[in-house]
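Here is a note for a colleague who is opening this structure for the first time. Please keep the view open while reading the points.

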Amino acid sequence: MSLIGKPIVEFSADAYQNGQFITVSNEDLKGKWSIFCFYPADFSFVCPTELGDLQEQYAELQSLDVEVFGVSTDTHYVHKAWHDDSDVVGTLEYALIGDPSHQLSLDFEVLGEDGLAQRGTFIVDPDGIIQMMEVNAGGIGRDASSLPDKVRAAQYVRAHPGEVCPAKWKEGEETLTPSLDLVGKI
C-alpha cells in the first residue's frame with residue numbers, strides 16, 4: 001500500500017544541525033511543508049553527493065516555506081562526526097535526524113533488510129500528510145533539482161482544489177481541471 005495521502009506517524013528524534021544537537025518531532029512540522037530525505041549511511045559514497053545536491057536546493061526550498069530533513073539510521077553523534085569530517089556534509093544547513101531505533105525508517109516504510117534506510121524522498125504538507133514519495137535502489141542517487149517544482153505543484157493543488165498539474169508543470173503554467181470533456185483529448 002502507498003503512503004500517499006496518509007499522515008506521518010508521531011515521532012520525536014535527536015538530530016544535528018548547525019553545530020547543535022536538537023530534537024525534531026512531528027509537532028515541529030505542523031503548518032509547514034517538509035521534505036524527508038532518507039539515506040543509507042553516514043561516511044558512505046553516494047549519500048554525501050545526494051545530501052550536497054539537496055543543500056544546493058535548500059535556499060529555494062526555504063523560500064517555499066519548506067523545511068528539509070536528512071535521515072539515516074545512524075545516531076545524531078555520528079551525523080556530527082561526519083559533518084566535522086566531510087567537506088560536502090560540512091556545508092549542510094538542514095537537520096540530519098538520527099534514527100538508531102529504526103522507528104522513523106519503519107514508519108516511512110524505507111527500512112531495508114540490512115537495517116539501513118533506503119533512498120526515500122517524501123514531501124509532507126502542513127497537515128502532516130504525505131503528498132509525494134520516491135524510493136530509489138541503493139546504487140541510484142537522486143537529483144534534488146526537481147524538488148522545488150514538485151513542492152510548487154503540491155502547493156498549487158492544495159490551494160486550488162479540483163485542478164491538477166500536468167507532467168513537467170512549472171509555476172505559472174496552465175493546469176488541468178479533470179472533467180468528462182477532457183477524457184481522451186489530451
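Which side chains meet in a salt bridge at 2.5 Å, N to O?

1. The pair is K170 and D149. A salt bridge here is a side-chain nitrogen of Lys or Arg within 4 Å of a carboxyl oxygen of Asp or Glu. K170 sits in the segment after α4, while D149 belongs to helix α4 itself, 21 residues apart. Helices (H or I, at least four residues) and strands (E, at least two) are DSSP runs, numbered from the N terminus.

2. A word on the source. This is a predicted model, where local features need pLDDT of at least 70, side-chain atom pairs count only at pLDDT 80 or more, and totals for chains, interfaces and linings use all residues. Residues are numbered from 1 along each chain as its sequence is written, and side-chain values use heavy atoms, with hydrogens and water left out.

3. K170 is partly exposed, at 39% relative accessible area. The scale is this: buried is under 20% relative accessible area, exposed is over 50%, and partly exposed is in between (1.4 Å probe, protein chains only).

4. Next comes E171, in a salt bridge with R152 whose closest N and O atoms are 3.4 Å apart. E171 lies in the segment after α4 and R152 in helix α4, so this pair ties together parts 19 residues apart in sequence. E171 is exposed at 58%. R152 is buried at 15%. Shared partners join E60, D149, R152, K170 and E171 into one salt-bridge network.

5. The salt-bridge count comes to eleven. Another of them pairs R158 with D125, with 3.3 Å between the closest N and O atoms. R158 is in helix α4 (residues 147–159), D125 in the loop between β6 (119–124) and β7 (130–136), and the two are 33 residues apart. R158 is partly exposed at 38% relative accessibility, whereas D125 is buried at 5%.

6. What joins R119 to E50? The answer is a polar contact of 2.6 Å between their side chains. Such a contact is a pair of N or O atoms within 3.5 Å; within protein, one must be able to donate a hydrogen and the other to accept it, and residues adjacent in sequence count only if both atoms are side-chain atoms. R119 is in strand β6 and is buried, at 4% relative accessibility. A polar atom of the R119 side chain also lies 2.7 Å from the backbone oxygen of G138.

7. The whole structure holds one cavity of 30 Å³ or more. On a 1 Å grid over the protein atoms alone, a cavity is a set of points where a 1.4 Å probe fits but cannot get out, and lining residues have an atom within 4 Å of a point. The largest cavity has a volume of about 100 Å³, a volume being the space filled by probe spheres set on the points. Its lining includes E50, D53, L54, R142 and K150. Helix α1 gives the largest share of that lining, three residues.

8. Last, N26. Its place is the loop between β2 (20–25) and β3 (33–38). N26 is buried, with a relative accessible area of 15%. A polar atom of its side chain lies 3.0 Å from the backbone nitrogen of F11. Leaving aside neighbours within four places in sequence, N26 is in contact (heavy atoms within 4.5 Å) with I8, V9, E10 and F11.

Note on methods:
On a 1 Å grid over the protein atoms alone, a cavity is a set of points where a 1.4 Å probe fits but cannot get out, and a pocket is an open set with protein on both sides within 12 Å along at least five of seven lines; lining residues have an atom within 4 Å of a point.
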